[in-house]
Amino acid sequence: MRASQLFARTLREAPAEAEVASHKLLLRAAHIRKLMAGVYTWLPLGFRTLSKIEAIIREEMNASGAQEIRMPIVVPAEPWKATGRWQTYGEEMFKLKDRHDRELGLGPTQEEVVTPLVAGEFASYRDLPVNLYQIEWKYRDELRPRFGLLRGREFLMKDAYSFDRDVEGLRLSYRAMYEAYERIFDRCGLKYRIVEADPGSIGGDVNHEYMALADVGEDLFVHCENGDYAADVEAAEARAPEHSGVSELEPLTEVSTPDRPGIDAVADLLRLPASRMLKCMLFDAGGRTVATLVPGDREVNEKKVARAMWPAPVRLFEDHEFAERGFVKGYVGPQSMPDDVLVIADRSVGSRGNWVTGANRPDHHVTGANVERDFRVDRWEDVSRVREGDPCPRCGGTLHIGRSIVVGHIYQLGTRYSKPLKATFVDEDGTEQPYQMGCYGIGLSRIVAACAEQFHDEAGLLWPRALAPYEVVVIATNMDQPAVVEAAETLYSQLQGAGLDVVFDDRDVTAGVKFADADLIGYPLHAVVGRRGLESGSADLKLRATGERRQASLSTAAGDIVALLATAP
(Lines give C-alpha, C1' and ligand atoms only; values in the text may rest on other atoms or scores of the structure.)
Protein backbone atom coordinates (compact mmCIF):
# COMPACT_ATOMS: atom_id res chain seq x y z
CA MET A 1 0.00 0.00 0.00
CA ARG A 2 1.21 3.48 -0.87
CA ALA A 3 0.63 6.13 1.76
CA SER A 4 -0.39 8.59 -0.96
CA GLN A 5 -3.37 6.35 -1.69
CA LEU A 6 -4.15 5.27 1.88
CA PHE A 7 -7.43 6.60 3.30
CA ALA A 8 -5.81 7.87 6.48
CA ARG A 9 -5.50 11.48 7.55
CA THR A 10 -3.73 11.75 10.88
CA LEU A 11 -4.60 14.47 13.37
CA ARG A 12 -2.09 16.65 15.21
CA GLU A 13 -4.49 17.06 18.15
CA ALA A 14 -7.15 14.75 19.57
CA PRO A 15 -10.77 15.96 19.80
CA ALA A 16 -11.60 17.53 23.16
CA GLU A 17 -14.04 14.72 24.01
CA ALA A 18 -11.26 12.08 23.99
CA GLU A 19 -10.19 11.46 27.59
CA VAL A 20 -8.03 8.31 27.58
CA ALA A 21 -4.92 7.41 25.60
CA SER A 22 -6.53 4.74 23.43
CA HIS A 23 -9.36 7.04 22.36
CA LYS A 24 -7.01 9.93 21.61
CA LEU A 25 -4.47 7.88 19.70
CA LEU A 26 -6.90 5.77 17.67
CA LEU A 27 -8.53 8.99 16.48
CA ARG A 28 -5.26 10.82 15.86
CA ALA A 29 -3.69 7.83 14.10
CA ALA A 30 -6.64 7.56 11.68
CA HIS A 31 -7.86 4.18 12.90
CA ILE A 32 -11.43 5.20 13.75
CA ARG A 33 -13.82 8.12 13.32
CA LYS A 34 -16.85 8.91 15.45
CA LEU A 35 -20.31 8.71 13.89
CA MET A 36 -22.22 9.34 17.12
CA ALA A 37 -21.78 8.63 20.83
CA GLY A 38 -20.55 5.07 21.23
CA VAL A 39 -20.55 4.28 17.48
CA TYR A 40 -17.46 4.48 15.27
CA THR A 41 -16.47 3.97 11.65
CA TRP A 42 -13.38 1.80 11.24
CA LEU A 43 -10.89 3.33 8.79
CA PRO A 44 -8.50 1.10 6.78
CA LEU A 45 -5.72 1.13 9.39
CA GLY A 46 -8.05 0.27 12.27
CA PHE A 47 -9.93 -2.27 10.22
CA ARG A 48 -6.69 -4.07 9.34
CA THR A 49 -5.85 -4.40 13.05
CA LEU A 50 -9.39 -5.55 13.82
CA SER A 51 -9.15 -8.12 11.01
CA LYS A 52 -5.86 -9.47 12.36
CA ILE A 53 -7.46 -10.03 15.75
CA GLU A 54 -10.36 -11.73 14.00
CA ALA A 55 -7.95 -14.04 12.15
CA ILE A 56 -6.18 -15.04 15.39
CA ILE A 57 -9.48 -15.81 17.08
CA ARG A 58 -10.79 -17.76 14.11
CA GLU A 59 -7.62 -19.88 13.94
CA GLU A 60 -7.74 -20.75 17.63
CA MET A 61 -11.48 -21.38 17.71
CA ASN A 62 -11.28 -23.67 14.69
CA ALA A 63 -8.30 -25.48 16.22
CA SER A 64 -10.33 -26.06 19.40
CA GLY A 65 -13.07 -27.81 17.42
CA ALA A 66 -15.61 -24.98 17.37
CA GLN A 67 -17.54 -24.39 14.14
CA GLU A 68 -18.32 -20.95 12.75
CA ILE A 69 -21.86 -19.83 11.95
CA ARG A 70 -23.55 -16.46 11.52
CA MET A 71 -26.68 -15.58 13.50
CA PRO A 72 -29.12 -12.69 13.00
CA ILE A 73 -28.61 -9.35 14.72
CA VAL A 74 -32.36 -8.66 14.90
CA VAL A 75 -33.96 -11.07 17.38
CA PRO A 76 -37.57 -11.81 18.43
CA ALA A 77 -38.66 -10.93 21.95
CA GLU A 78 -40.37 -14.23 22.81
CA PRO A 79 -37.29 -16.36 23.67
CA TRP A 80 -35.86 -13.47 25.67
CA LYS A 81 -39.09 -13.23 27.65
CA ALA A 82 -38.98 -16.98 28.28
CA THR A 83 -35.52 -16.68 29.87
CA GLY A 84 -36.42 -13.51 31.77
CA ARG A 85 -33.75 -11.40 30.10
CA TRP A 86 -36.15 -9.17 28.19
CA GLN A 87 -36.94 -7.71 31.59
CA THR A 88 -33.52 -7.90 33.27
CA TYR A 89 -31.63 -6.36 30.35
CA GLY A 90 -34.11 -3.50 30.52
CA GLU A 91 -33.13 -0.29 28.75
CA GLU A 92 -29.65 -1.56 27.98
CA MET A 93 -31.13 -3.64 25.15
CA PHE A 94 -32.13 -1.86 21.95
CA LYS A 95 -35.82 -2.68 21.46
CA LEU A 96 -38.05 -1.96 18.49
CA LYS A 97 -41.24 -3.05 16.76
CA ASP A 98 -41.82 -4.04 13.16
CA ARG A 99 -44.73 -2.87 11.01
CA HIS A 100 -46.87 -5.69 12.44
CA ASP A 101 -46.24 -4.42 15.98
CA ARG A 102 -44.09 -7.43 16.89
CA GLU A 103 -41.46 -6.79 19.54
CA LEU A 104 -37.86 -7.20 18.41
CA GLY A 105 -34.42 -6.44 19.79
CA LEU A 106 -30.87 -5.93 18.60
CA GLY A 107 -28.86 -8.82 19.99
CA PRO A 108 -26.37 -7.97 22.74
CA THR A 109 -25.62 -11.72 22.94
CA GLN A 110 -27.16 -14.79 21.33
CA GLU A 111 -28.06 -17.53 23.85
CA GLU A 112 -31.75 -17.20 22.95
CA VAL A 113 -30.95 -17.69 19.26
CA VAL A 114 -28.42 -20.51 19.32
CA THR A 115 -30.23 -22.68 21.90
CA PRO A 116 -33.39 -23.25 19.80
CA LEU A 117 -31.15 -23.68 16.76
CA VAL A 118 -29.23 -26.61 18.27
CA ALA A 119 -32.40 -28.12 19.77
CA GLY A 120 -33.95 -28.19 16.32
CA GLU A 121 -30.95 -29.87 14.71
CA PHE A 122 -29.25 -32.11 17.31
CA ALA A 123 -31.88 -34.19 19.13
CA SER A 124 -29.72 -37.14 20.28
CA TYR A 125 -26.90 -37.57 22.77
CA ARG A 126 -24.92 -39.05 19.88
CA ASP A 127 -24.81 -35.60 18.27
CA LEU A 128 -23.05 -34.04 21.26
CA PRO A 129 -20.86 -32.26 22.11
CA VAL A 130 -20.96 -29.34 19.71
CA ASN A 131 -19.53 -25.81 19.93
CA LEU A 132 -20.76 -23.08 17.59
CA TYR A 133 -19.31 -19.58 17.31
CA GLN A 134 -19.67 -16.41 15.35
CA ILE A 135 -17.87 -13.08 14.99
CA GLU A 136 -20.56 -10.44 14.74
CA TRP A 137 -21.52 -6.90 15.74
CA LYS A 138 -23.41 -6.54 19.01
CA TYR A 139 -25.48 -3.69 20.36
CA ARG A 140 -26.08 -2.36 23.87
CA ASP A 141 -27.74 0.94 24.66
CA GLU A 142 -25.14 2.18 27.12
CA LEU A 143 -26.40 4.98 29.33
CA ARG A 144 -23.10 6.85 29.08
CA PRO A 145 -20.88 5.70 26.22
CA ARG A 146 -17.34 6.84 26.95
CA PHE A 147 -13.65 6.25 26.39
CA GLY A 148 -14.04 5.53 22.69
CA LEU A 149 -14.06 1.79 22.04
CA LEU A 150 -13.96 0.86 25.73
CA ARG A 151 -17.64 1.52 26.36
CA GLY A 152 -19.53 1.67 23.09
CA ARG A 153 -23.03 1.00 21.86
CA GLU A 154 -21.84 -1.05 18.89
CA PHE A 155 -18.93 -3.48 19.20
CA LEU A 156 -17.49 -6.52 17.45
CA MET A 157 -17.68 -9.69 19.51
CA LYS A 158 -16.81 -13.34 19.15
CA ASP A 159 -19.43 -15.40 20.94
CA ALA A 160 -19.31 -19.20 21.19
CA TYR A 161 -21.77 -21.67 22.70
CA SER A 162 -21.07 -25.24 23.74
CA PHE A 163 -23.69 -27.97 24.18
CA ASP A 164 -22.98 -31.14 26.17
CA ARG A 165 -24.98 -34.06 27.52
CA ASP A 166 -23.69 -33.85 31.10
CA VAL A 167 -21.78 -31.68 33.55
CA GLU A 168 -18.50 -33.49 33.00
CA GLY A 169 -18.76 -32.80 29.27
CA LEU A 170 -19.45 -29.13 30.01
CA ARG A 171 -16.33 -28.95 32.16
CA LEU A 172 -14.22 -30.38 29.33
CA SER A 173 -15.69 -27.93 26.81
CA TYR A 174 -15.13 -25.07 29.25
CA ARG A 175 -11.51 -26.09 29.79
CA ALA A 176 -10.90 -26.20 26.04
CA MET A 177 -12.20 -22.63 25.70
CA TYR A 178 -10.27 -21.47 28.77
CA GLU A 179 -7.02 -22.61 27.16
CA ALA A 180 -7.97 -21.32 23.70
CA TYR A 181 -8.54 -17.88 25.21
CA GLU A 182 -5.10 -17.96 26.80
CA ARG A 183 -3.56 -18.67 23.40
CA ILE A 184 -5.59 -15.88 21.76
CA PHE A 185 -4.60 -13.20 24.26
CA ASP A 186 -0.99 -14.39 24.30
CA ARG A 187 -0.85 -14.09 20.51
CA CYS A 188 -2.36 -10.61 20.70
CA GLY A 189 0.47 -9.63 23.05
CA LEU A 190 -1.82 -8.49 25.86
CA LYS A 191 -0.83 -8.27 29.51
CA TYR A 192 -3.81 -9.83 31.25
CA ARG A 193 -5.10 -11.64 34.32
CA ILE A 194 -7.68 -14.42 34.52
CA VAL A 195 -10.06 -13.87 37.42
CA GLU A 196 -13.18 -15.39 38.92
CA ALA A 197 -16.08 -13.19 37.96
CA ASP A 198 -19.67 -12.12 38.45
CA PRO A 199 -21.90 -13.67 35.76
CA GLY A 200 -24.11 -10.60 35.42
CA SER A 201 -27.33 -10.94 33.45
CA ILE A 202 -26.02 -13.95 31.49
CA GLY A 203 -26.10 -16.18 34.57
CA GLY A 204 -24.29 -19.40 35.41
CA ASP A 205 -22.17 -20.41 38.35
CA VAL A 206 -18.57 -20.96 37.21
CA ASN A 207 -17.21 -18.13 35.08
CA HIS A 208 -13.93 -16.33 34.44
CA GLU A 209 -12.98 -12.95 33.01
CA TYR A 210 -9.85 -12.15 31.04
CA MET A 211 -8.78 -8.70 32.17
CA ALA A 212 -6.26 -6.60 30.27
CA LEU A 213 -4.30 -4.55 32.79
CA ALA A 214 -4.82 -0.80 32.32
CA ASP A 215 -4.67 2.19 34.64
CA VAL A 216 -7.76 3.70 33.00
CA GLY A 217 -9.80 0.49 33.10
CA GLU A 218 -13.30 0.79 34.51
CA ASP A 219 -13.28 -2.85 35.64
CA LEU A 220 -11.74 -3.44 39.05
CA PHE A 221 -10.29 -6.75 40.14
CA VAL A 222 -8.96 -8.08 43.42
CA HIS A 223 -5.76 -10.08 43.72
CA CYS A 224 -3.95 -11.60 46.66
CA GLU A 225 -0.37 -10.62 47.44
CA ASN A 226 0.48 -14.34 47.46
CA GLY A 227 -0.91 -14.93 43.97
CA ASP A 228 -3.41 -17.63 44.90
CA TYR A 229 -6.62 -15.64 44.38
CA ALA A 230 -7.92 -13.20 41.78
CA ALA A 231 -11.51 -12.12 41.16
CA ASP A 232 -13.62 -9.41 39.62
CA VAL A 233 -14.47 -6.91 42.36
CA GLU A 234 -18.16 -7.70 41.84
CA ALA A 235 -17.54 -11.37 42.66
CA ALA A 236 -14.60 -11.08 45.04
CA GLU A 237 -14.88 -12.26 48.62
CA ALA A 238 -12.77 -11.52 51.65
CA ARG A 239 -12.11 -13.96 54.46
CA ALA A 240 -15.00 -13.74 56.92
CA PRO A 241 -13.98 -12.12 60.20
CA GLU A 242 -13.55 -14.28 63.28
CA HIS A 243 -16.60 -14.36 65.54
CA SER A 244 -15.61 -11.93 68.25
CA GLY A 245 -18.61 -12.78 70.36
CA VAL A 246 -20.46 -10.45 72.69
CA SER A 247 -19.59 -10.68 76.35
CA GLU A 248 -22.85 -9.04 77.38
CA LEU A 249 -25.90 -8.09 75.34
CA GLU A 250 -26.71 -4.44 75.79
CA PRO A 251 -30.35 -3.45 76.12
CA LEU A 252 -32.01 -2.13 72.98
CA THR A 253 -32.07 1.60 73.63
CA GLU A 254 -33.47 4.36 71.47
CA VAL A 255 -31.35 7.50 71.14
CA SER A 256 -32.10 10.88 69.59
CA THR A 257 -30.09 11.61 66.43
CA PRO A 258 -31.69 14.76 64.99
CA ASP A 259 -30.84 15.53 61.37
CA ARG A 260 -28.29 12.69 61.18
CA PRO A 261 -29.52 10.22 58.56
CA GLY A 262 -26.05 9.03 57.56
CA ILE A 263 -23.64 6.53 59.09
CA ASP A 264 -20.78 9.01 59.56
CA ALA A 265 -23.00 11.66 61.15
CA VAL A 266 -24.39 9.21 63.71
CA ALA A 267 -20.96 7.74 64.44
CA ASP A 268 -19.63 11.24 65.03
CA LEU A 269 -22.53 12.14 67.34
CA LEU A 270 -22.19 8.97 69.43
CA ARG A 271 -18.39 8.99 69.25
CA LEU A 272 -18.28 5.45 67.93
CA PRO A 273 -16.46 3.98 64.92
CA ALA A 274 -18.49 3.39 61.76
CA SER A 275 -17.79 -0.33 62.18
CA ARG A 276 -20.23 -0.32 65.15
CA MET A 277 -23.05 0.91 62.91
CA LEU A 278 -25.35 -1.52 61.10
CA LYS A 279 -26.22 -0.27 57.63
CA CYS A 280 -29.65 -1.29 56.32
CA MET A 281 -30.05 -0.81 52.55
CA LEU A 282 -33.44 -1.34 50.90
CA PHE A 283 -33.82 -2.87 47.45
CA ASP A 284 -36.73 -3.72 45.21
CA ALA A 285 -36.44 -7.25 43.81
CA GLY A 286 -39.22 -7.76 41.29
CA GLY A 287 -41.69 -5.95 43.55
CA ARG A 288 -40.51 -7.47 46.84
CA THR A 289 -38.69 -5.40 49.46
CA VAL A 290 -35.26 -6.71 50.42
CA ALA A 291 -33.40 -5.30 53.44
CA THR A 292 -29.66 -5.83 53.16
CA LEU A 293 -27.45 -5.54 56.24
CA VAL A 294 -23.72 -4.76 56.29
CA PRO A 295 -21.44 -3.15 58.88
CA GLY A 296 -21.39 0.63 58.64
CA ASP A 297 -17.80 0.75 57.43
CA ARG A 298 -18.57 -1.53 54.47
CA GLU A 299 -20.36 -0.93 51.16
CA VAL A 300 -23.13 -3.12 49.81
CA ASN A 301 -22.19 -4.85 46.56
CA GLU A 302 -25.32 -4.41 44.46
CA LYS A 303 -24.22 -7.06 41.97
CA LYS A 304 -24.00 -9.64 44.77
CA VAL A 305 -27.49 -8.69 45.94
CA ALA A 306 -28.75 -9.08 42.38
CA ARG A 307 -27.09 -12.50 42.14
CA ALA A 308 -28.66 -13.57 45.42
CA MET A 309 -32.11 -12.57 44.14
CA TRP A 310 -31.76 -13.89 40.58
CA PRO A 311 -33.80 -13.96 38.37
CA ALA A 312 -35.79 -11.08 39.89
CA PRO A 313 -34.56 -7.67 38.66
CA VAL A 314 -32.97 -5.79 41.56
CA ARG A 315 -32.60 -2.04 42.11
CA LEU A 316 -32.09 0.31 45.03
CA PHE A 317 -35.13 2.01 46.52
CA GLU A 318 -36.01 5.36 45.01
CA ASP A 319 -36.65 8.21 47.45
CA HIS A 320 -40.43 8.15 47.15
CA GLU A 321 -40.62 4.41 47.86
CA PHE A 322 -39.48 4.67 51.48
CA ALA A 323 -42.62 6.41 52.71
CA GLU A 324 -44.86 4.48 50.31
CA ARG A 325 -43.68 1.19 51.80
CA GLY A 326 -43.65 2.35 55.42
CA PHE A 327 -39.98 3.23 55.94
CA VAL A 328 -38.16 6.39 57.02
CA LYS A 329 -35.29 7.22 54.70
CA GLY A 330 -32.00 7.52 56.59
CA TYR A 331 -33.36 5.88 59.74
CA VAL A 332 -34.12 2.31 58.62
CA GLY A 333 -33.22 -0.54 60.98
CA PRO A 334 -33.89 -4.29 60.79
CA GLN A 335 -36.04 -4.39 63.95
CA SER A 336 -39.70 -5.33 63.46
CA MET A 337 -39.35 -5.88 59.74
CA PRO A 338 -42.65 -7.02 58.19
CA ASP A 339 -42.85 -10.70 57.33
CA ASP A 340 -43.02 -9.95 53.59
CA VAL A 341 -39.64 -8.19 53.69
CA LEU A 342 -36.68 -10.45 53.00
CA VAL A 343 -33.77 -9.68 55.34
CA ILE A 344 -30.33 -10.58 53.94
CA ALA A 345 -27.27 -10.05 56.13
CA ASP A 346 -23.63 -10.11 55.15
CA ARG A 347 -21.77 -12.90 56.92
CA SER A 348 -19.66 -10.30 58.75
CA VAL A 349 -22.78 -9.12 60.60
CA GLY A 350 -22.88 -12.39 62.53
CA SER A 351 -19.40 -11.85 63.95
CA ARG A 352 -20.40 -8.92 66.12
CA GLY A 353 -23.27 -7.63 68.21
CA ASN A 354 -24.65 -4.62 70.07
CA TRP A 355 -25.16 -2.75 66.81
CA VAL A 356 -26.21 0.86 66.37
CA THR A 357 -28.83 1.12 63.64
CA GLY A 358 -31.91 3.05 62.56
CA ALA A 359 -34.92 3.15 64.90
CA ASN A 360 -37.44 3.23 62.03
CA ARG A 361 -38.67 6.68 63.00
CA PRO A 362 -37.34 10.14 62.11
CA ASP A 363 -34.29 11.49 63.94
CA HIS A 364 -33.76 8.37 66.04
CA HIS A 365 -31.45 5.37 66.14
CA VAL A 366 -31.09 2.46 68.53
CA THR A 367 -28.07 1.02 70.29
CA GLY A 368 -27.63 -2.56 71.46
CA ALA A 369 -29.35 -4.22 68.47
CA ASN A 370 -28.56 -7.94 68.31
CA VAL A 371 -29.41 -10.74 65.90
CA GLU A 372 -32.23 -13.08 66.98
CA ARG A 373 -33.18 -11.09 70.07
CA ASP A 374 -33.97 -7.83 68.25
CA PHE A 375 -34.11 -8.68 64.57
CA ARG A 376 -34.23 -11.67 62.30
CA VAL A 377 -32.03 -12.64 59.37
CA ASP A 378 -33.70 -14.69 56.64
CA ARG A 379 -30.54 -15.38 54.63
CA TRP A 380 -26.83 -15.06 55.29
CA GLU A 381 -24.97 -14.07 52.12
CA ASP A 382 -21.74 -12.44 51.02
CA VAL A 383 -23.12 -9.06 49.93
CA SER A 384 -20.36 -6.61 50.90
CA ARG A 385 -17.79 -5.07 48.59
CA VAL A 386 -14.19 -6.15 49.06
CA ARG A 387 -11.77 -3.32 49.75
CA GLU A 388 -8.03 -2.77 49.64
CA GLY A 389 -6.26 -4.59 52.49
CA ASP A 390 -8.97 -7.17 53.24
CA PRO A 391 -7.74 -10.71 54.03
CA CYS A 392 -7.64 -13.25 51.19
CA PRO A 393 -10.40 -15.89 51.47
CA ARG A 394 -7.89 -18.64 50.66
CA CYS A 395 -4.70 -17.84 52.51
CA GLY A 396 -5.41 -14.79 54.65
CA GLY A 397 -2.88 -12.69 52.73
CA THR A 398 -3.55 -9.05 51.87
CA LEU A 399 -5.89 -8.30 48.98
CA HIS A 400 -5.11 -5.50 46.54
CA ILE A 401 -7.33 -3.84 43.93
CA GLY A 402 -6.22 -3.21 40.36
CA ARG A 403 -7.76 -1.68 37.25
CA SER A 404 -8.37 -3.46 33.99
CA ILE A 405 -10.38 -3.76 30.79
CA VAL A 406 -12.46 -6.92 30.39
CA VAL A 407 -11.64 -8.41 26.98
CA GLY A 408 -13.07 -11.90 27.44
CA HIS A 409 -15.62 -13.69 29.62
CA ILE A 410 -16.46 -17.41 29.73
CA TYR A 411 -19.35 -19.07 31.56
CA GLN A 412 -20.60 -22.49 32.58
CA LEU A 413 -24.31 -21.89 32.06
CA GLY A 414 -25.58 -25.37 32.83
CA THR A 415 -29.31 -25.49 32.04
CA ARG A 416 -29.87 -21.75 32.57
CA TYR A 417 -31.20 -21.38 28.99
CA SER A 418 -32.00 -24.90 27.87
CA LYS A 419 -34.67 -25.42 30.56
CA PRO A 420 -36.79 -22.28 30.00
CA LEU A 421 -36.43 -22.67 26.22
CA LYS A 422 -37.37 -26.36 26.48
CA ALA A 423 -34.25 -27.33 24.54
CA THR A 424 -33.70 -31.04 25.11
CA PHE A 425 -32.08 -34.10 23.59
CA VAL A 426 -32.85 -37.81 23.94
CA ASP A 427 -30.26 -39.45 26.18
CA GLU A 428 -28.97 -43.01 25.97
CA ASP A 429 -31.71 -44.29 28.29
CA GLY A 430 -34.44 -42.71 26.17
CA THR A 431 -35.21 -39.84 28.52
CA GLU A 432 -35.30 -36.20 27.46
CA GLN A 433 -32.60 -34.10 29.08
CA PRO A 434 -31.77 -30.39 28.84
CA TYR A 435 -28.44 -29.46 27.27
CA GLN A 436 -25.56 -28.50 29.55
CA MET A 437 -24.40 -25.23 28.02
CA GLY A 438 -21.39 -22.96 28.14
CA CYS A 439 -20.89 -19.56 26.51
CA TYR A 440 -17.66 -17.76 25.67
CA GLY A 441 -17.27 -14.12 24.59
CA ILE A 442 -14.38 -11.99 23.37
CA GLY A 443 -14.61 -8.28 22.60
CA LEU A 444 -12.54 -7.69 19.47
CA SER A 445 -12.96 -3.92 19.41
CA ARG A 446 -12.08 -3.86 23.11
CA ILE A 447 -8.85 -5.74 22.38
CA VAL A 448 -7.91 -2.92 19.98
CA ALA A 449 -8.51 -0.33 22.70
CA ALA A 450 -6.80 -2.41 25.40
CA CYS A 451 -3.69 -2.88 23.26
CA ALA A 452 -3.62 0.85 22.50
CA GLU A 453 -3.78 1.53 26.26
CA GLN A 454 -0.97 -0.91 27.01
CA PHE A 455 1.28 -0.14 24.05
CA HIS A 456 1.86 3.55 23.46
CA ASP A 457 4.26 6.35 24.33
CA GLU A 458 4.24 10.13 23.98
CA ALA A 459 4.82 9.83 20.22
CA GLY A 460 1.98 7.43 19.44
CA LEU A 461 1.01 3.78 19.24
CA LEU A 462 3.37 0.83 19.73
CA TRP A 463 1.45 -2.01 18.09
CA PRO A 464 2.60 -5.58 18.75
CA ARG A 465 3.65 -7.01 15.40
CA ALA A 466 0.74 -9.46 15.33
CA LEU A 467 -1.82 -6.63 15.42
CA ALA A 468 -0.07 -3.82 13.56
CA PRO A 469 -2.00 -2.64 10.48
CA TYR A 470 1.30 -2.84 8.57
CA GLU A 471 4.49 -4.41 9.86
CA VAL A 472 6.91 -2.11 8.02
CA VAL A 473 6.82 1.41 6.66
CA VAL A 474 9.35 2.36 3.98
CA ILE A 475 10.00 6.09 4.15
CA ALA A 476 11.55 7.93 1.22
CA THR A 477 12.81 11.22 2.62
CA ASN A 478 13.58 12.92 -0.71
CA MET A 479 10.75 12.33 -3.16
CA ASP A 480 12.23 14.95 -5.48
CA GLN A 481 15.29 12.75 -6.11
CA PRO A 482 14.61 9.88 -8.56
CA ALA A 483 17.48 7.72 -7.23
CA VAL A 484 16.06 7.83 -3.70
CA VAL A 485 12.57 7.01 -4.95
CA GLU A 486 13.89 4.12 -7.04
CA ALA A 487 15.83 2.63 -4.10
CA ALA A 488 12.79 2.94 -1.82
CA GLU A 489 10.54 1.38 -4.48
CA THR A 490 12.96 -1.55 -4.81
CA LEU A 491 13.01 -2.16 -1.06
CA TYR A 492 9.22 -1.88 -0.93
CA SER A 493 8.87 -4.53 -3.66
CA GLN A 494 11.39 -6.84 -1.96
CA LEU A 495 9.52 -6.66 1.34
CA GLN A 496 6.23 -7.40 -0.38
CA GLY A 497 7.90 -10.37 -2.03
CA ALA A 498 9.04 -11.57 1.40
CA GLY A 499 5.38 -11.72 2.49
CA LEU A 500 5.42 -8.73 4.82
CA ASP A 501 2.60 -6.23 5.30
CA VAL A 502 4.34 -3.06 4.13
CA VAL A 503 3.34 0.50 3.35
CA PHE A 504 5.46 2.85 1.25
CA ASP A 505 5.27 6.47 2.40
CA ASP A 506 5.56 8.13 -0.99
CA ARG A 507 3.76 11.33 0.00
CA ASP A 508 5.16 14.66 -1.10
CA VAL A 509 5.56 15.97 2.47
CA THR A 510 8.56 16.67 4.65
CA ALA A 511 10.58 13.87 6.23
CA GLY A 512 9.59 15.19 9.66
CA VAL A 513 5.89 14.69 8.91
CA LYS A 514 6.56 11.15 7.69
CA PHE A 515 8.57 10.27 10.80
CA ALA A 516 5.90 11.71 13.10
CA ASP A 517 3.12 9.80 11.33
CA ALA A 518 5.12 6.56 11.39
CA ASP A 519 5.52 6.90 15.17
CA LEU A 520 1.90 7.95 15.68
CA ILE A 521 0.44 5.08 13.65
CA GLY A 522 2.75 2.61 15.34
CA TYR A 523 4.32 0.62 12.51
CA PRO A 524 6.65 -1.88 14.25
CA LEU A 525 9.63 -1.23 11.93
CA HIS A 526 10.65 1.93 10.05
CA ALA A 527 12.97 1.65 7.03
CA VAL A 528 14.27 5.05 5.92
CA VAL A 529 15.83 5.64 2.51
CA GLY A 530 17.34 9.09 1.96
CA ARG A 531 19.92 10.95 -0.04
CA ARG A 532 22.75 10.48 2.45
CA GLY A 533 21.99 6.80 2.95
CA LEU A 534 21.89 6.28 -0.78
CA GLU A 535 25.36 7.75 -1.08
CA SER A 536 26.65 5.14 1.40
CA GLY A 537 24.42 2.39 -0.01
CA SER A 538 22.44 1.93 3.23
CA ALA A 539 19.01 2.30 4.78
CA ASP A 540 18.27 3.33 8.36
CA LEU A 541 16.16 0.86 10.35
CA LYS A 542 14.28 1.53 13.60
CA LEU A 543 12.28 -0.79 15.84
CA ARG A 544 9.38 1.34 17.05
CA ALA A 545 8.81 -0.55 20.32
CA THR A 546 12.37 -0.31 21.61
CA GLY A 547 13.78 2.61 19.65
CA GLU A 548 16.68 0.41 18.55
CA ARG A 549 18.36 1.77 15.39
CA ARG A 550 20.78 0.25 12.94
CA GLN A 551 21.94 0.60 9.38
CA ALA A 552 21.55 -2.04 6.71
CA SER A 553 23.06 -2.31 3.30
CA LEU A 554 20.51 -1.64 0.60
CA SER A 555 21.56 -4.89 -1.04
CA THR A 556 20.63 -6.92 2.05
CA ALA A 557 18.11 -4.59 3.73
CA ALA A 558 15.06 -6.76 3.01
CA GLY A 559 16.62 -9.78 4.70
CA ASP A 560 17.87 -7.66 7.59
CA ILE A 561 14.35 -6.26 8.10
CA VAL A 562 12.85 -9.76 8.19
CA ALA A 563 15.43 -10.79 10.79
CA LEU A 564 14.97 -7.64 12.86
CA LEU A 565 11.18 -7.96 12.80
CA ALA A 566 11.56 -11.43 14.29
CA THR A 567 12.89 -9.75 17.45
CA ALA A 568 9.98 -7.28 17.64
CA PRO A 569 7.36 -7.78 20.37
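Buried means under 20% relative accessible area, exposed over 50%, and partly exposed in between, with a 1.4 Å probe and protein chains only. The model is predicted: local features need pLDDT of at least 70, side-chain atom pairs count only at pLDDT 80 or more, and totals for chains, interfaces and linings use all residues. Residues are numbered from 1 along each chain as its sequence is written, and side-chain values use heavy atoms, with hydrogens and water left out.

**Exercise 1. Find how many salt bridges the whole structure has, and examine three of them.**

Step 1. A salt bridge is a side-chain nitrogen of Lys or Arg within 4 Å of a carboxyl oxygen of Asp or Glu. Side chains of opposite charge can pair when their charged atoms come close.

Step 2. Count. The search of the whole structure gives 53 salt bridges.

Step 3. Take Asp-219 and Arg-446. Their side chains form a salt bridge at 3.6 Å, N to O. Distant parts of the chain are linked: Asp-219 is in strand E11 (residues 219-224) and Arg-446 in helix H10 (residues 444-454), 227 residues apart. Both Asp-219 and Arg-446 are buried.

Step 4. Take Arg-385 and Glu-234. Here too the side chains meet in a salt bridge, 3.6 Å from N to O. Arg-385 sits in the loop between strand E20 (379-381) and strand E21 (399-414), and Glu-234 in the loop between strand E12 (230-232) and strand E13 (253-256), 151 residues apart. Arg-385 has 28% relative accessibility, so it is partly exposed. Glu-234 has 16%, so it is buried.

Step 5. Take Arg-325 and Asp-284. Their salt bridge spans 2.6 Å, N to O. Arg-325 is in the loop between helix H9 (319-324) and strand E17 (342-346), while Asp-284 is in strand E14 (residues 278-285), 41 residues apart. Arg-325 is partly exposed because its relative accessibility is 30%. Asp-284 is buried because its relative accessible area is 7%.

**Exercise 2. Describe the largest cavity: which residues lie closest to its centre?**

Step 1. Define the space. On a 1 Å grid over the protein atoms alone, a cavity is a set of points where a 1.4 Å probe fits but cannot get out, and a pocket is an open set with protein on both sides within 12 Å along at least five of seven lines; lining residues have an atom within 4 Å of a point. Grid points are joined across faces, edges and corners, and a volume is the space filled by probe spheres set on the points.

Step 2. Size it. The largest cavity has a volume of about 130 Å³. Its lining holds 14 residues, with Ala-3, Asp-505, Arg-507, Ile-521 and Tyr-523 closest to the centre.

Step 3. Assign elements. Strand E28 (502-505) and helix H12 (511-521) each supply at least two lining residues. H12 gives the most, with 4 residues.

Step 4. Look for charge pairing. A network of salt bridges links Arg-12, Asp-505, Arg-507 and Asp-517.

**Exercise 3. Describe the second largest pocket: which element gives the most to its lining?**

Step 1. Size it. The second largest pocket has a volume of about 420 Å³.

Step 2. Find the lining. It has 22 residues, with Pro-261, Lys-279, Cys-280, Met-281 and Gly-330 nearest the centre.

Step 3. E14 gives the most, with 5 residues.
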